[in-house]
Amino acid sequence: YALQLIEGKGNDDIYQAYKTLLMKYYACFESTELKALFTYALNYCAIQLNSGREEYYEECWNLYNLSVEKGILYINGQISPPSLKNIITLSLRLKKYQWAEDFLHQHKNKIQSEHPLEVYSFNLANVFFHQQKYDKVYEILRTLKCRDMFYELAMRRLEIKVLYEKEEIEVLYAKLNAYRVFIHRNNLLDRDSTIMNNNFLNVVAKMINVIPKNEKQIKKLTKIISQKKKLAERKWIMAKLEQLKGKRTLAVLG
């Protein structure tokens, strides 16, 4: 069954049979083997999600939850930042906000990273953002000093998203400009990261000036976004674009 999943020959029946066997006999495998076997199942879920089958969000979350319960996800009692982020992202997609927050608090001192506080704080800020608890997001942003460039960039984008949601347009313009300067002056960023983040800034700047329900403007911006293959925060941007189709006018327009 695993081989069929790996080769792309699997279907739902094969996946379910595979998962049933895995749950029944997981204790027979060593930890490294078990991680690989769970990865095959997760990869199948990812393929289904990419094909538009949203019911697999719950399936994928259940797999991660099982891997936590069975201790499969841990390495020497710690969890990796990518695994933590995946679990939190899935939880937020399924609106399991309290579960996500509790999970983060329980794992605050179990993160396998040189900068565990940054990993923890970013994920917690993301939970608060989805709960629209923007003051709590700001509290984290004010106190956290990032040493990891990935989290520095992610936190700056999160701040811009909060300002957009709160319609604090004048401050938003200032933050967009400050972020552009930061990217321009930073020699540590690779080309792809630079392009993705600059595209994000440019698109947000255009979104600010779109008049809600203006079909011509929205269509034009949608075309611009579709042409940008490298774009940070694409899902959030597309959600905001959908809102503009029926959203009231912003309090202040640039």
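Q: Hi! Since we're looking at a predicted model, let's begin with the rings: how many aromatic pairs does the structure hold?
A: Happy to! The structure holds 10 aromatic pairs. One of them joins tyrosine 15 and tyrosine 44, with ring centres 4.9 Å apart and planes at 15°.

Q: Is that pair stacked or edge-to-face?
A: Stacked, because the planes are at 15° and anything under 30 degrees counts as stacked.

Q: Where do tyrosine 15 and tyrosine 44 sit in the chain?
A: The pair links distant parts of the chain.

Q: Which residues do ring pairs link into a cluster?
A: That would be Tyr15, Tyr44 and Tyr56.

Q: Nice. What about tryptophan 99 and phenylalanine 103, how are their rings arranged?
A: They form a stacked pair, 5.0 Å centre to centre with 15° between the planes. Both residues lie in helix α6 (residues 97-106), 4 residues apart, which is about one turn of the helix.

Q: Switching to charges: which ring does arginine 93 sit over?
A: The ring of tyrosine 57, with the charged end of arginine 93 at 4.3 Å from the ring centre.

Q: And where does lysine 96 lie?
A: Over the face of tryptophan 61, 4.4 Å from the ring centre.

Q: Now the surface. Which residues form a nonpolar patch there?
A: Tyr1, Leu21, Tyr25 and Phe29 do, and together they have about 380 Å² of accessible area.

Q: Tell me about tyrosine 1: where is it found, and how accessible is it?
A: Tyrosine 1 is in the segment before α1 (2-6). Tyrosine 1 is partly exposed, with a relative accessible area of 46%.

Q: Last one: where is glutamate 55, and how far is it from cysteine 45?
A: Glutamate 55 is in the loop between α3 and α4 (56-69), and it is partly exposed at 47% relative accessible area. Glutamate 55 and cysteine 45 are 10 residues apart in sequence, and their C-alpha atoms are 9.6 Å apart in space.

Key. Residues are numbered from 1 along each chain as its sequence is written. This is a predicted model: local features need pLDDT of at least 70, side-chain atom pairs count only at pLDDT 80 or more; totals for chains, interfaces and linings use all residues. Side-chain values use heavy atoms; hydrogens and water are left out. Patches are made of residues with over 30% relative accessible area and no salt bridge: like charges are joined within 9 Å, nonpolar side chains (Val, Leu, Ile, Met, Phe, Trp, Tyr) within 5 Å. Accessible areas come from the Shrake-Rupley method with a 1.4 Å probe; for residues, only the protein chains shown count as cover. A salt bridge is a side-chain nitrogen of Lys or Arg within 4 Å of a carboxyl oxygen of Asp or Glu. Helices (H or I, at least four residues) and strands (E, at least two) are DSSP runs, numbered from the N terminus. Buried means under 20% relative accessible area, exposed over 50%, partly exposed in between (1.4 Å probe, protein chains only). Rings of Phe, Tyr and Trp (its six-membered ring) pair if their centres lie within 6.5 Å; planes under 30 degrees apart count as stacked, over 60 as edge-to-face and the rest as tilted. A charge sits over a ring if NZ of Lys or CZ of Arg is within 6 Å of the ring centre and within 35 degrees of the ring normal.
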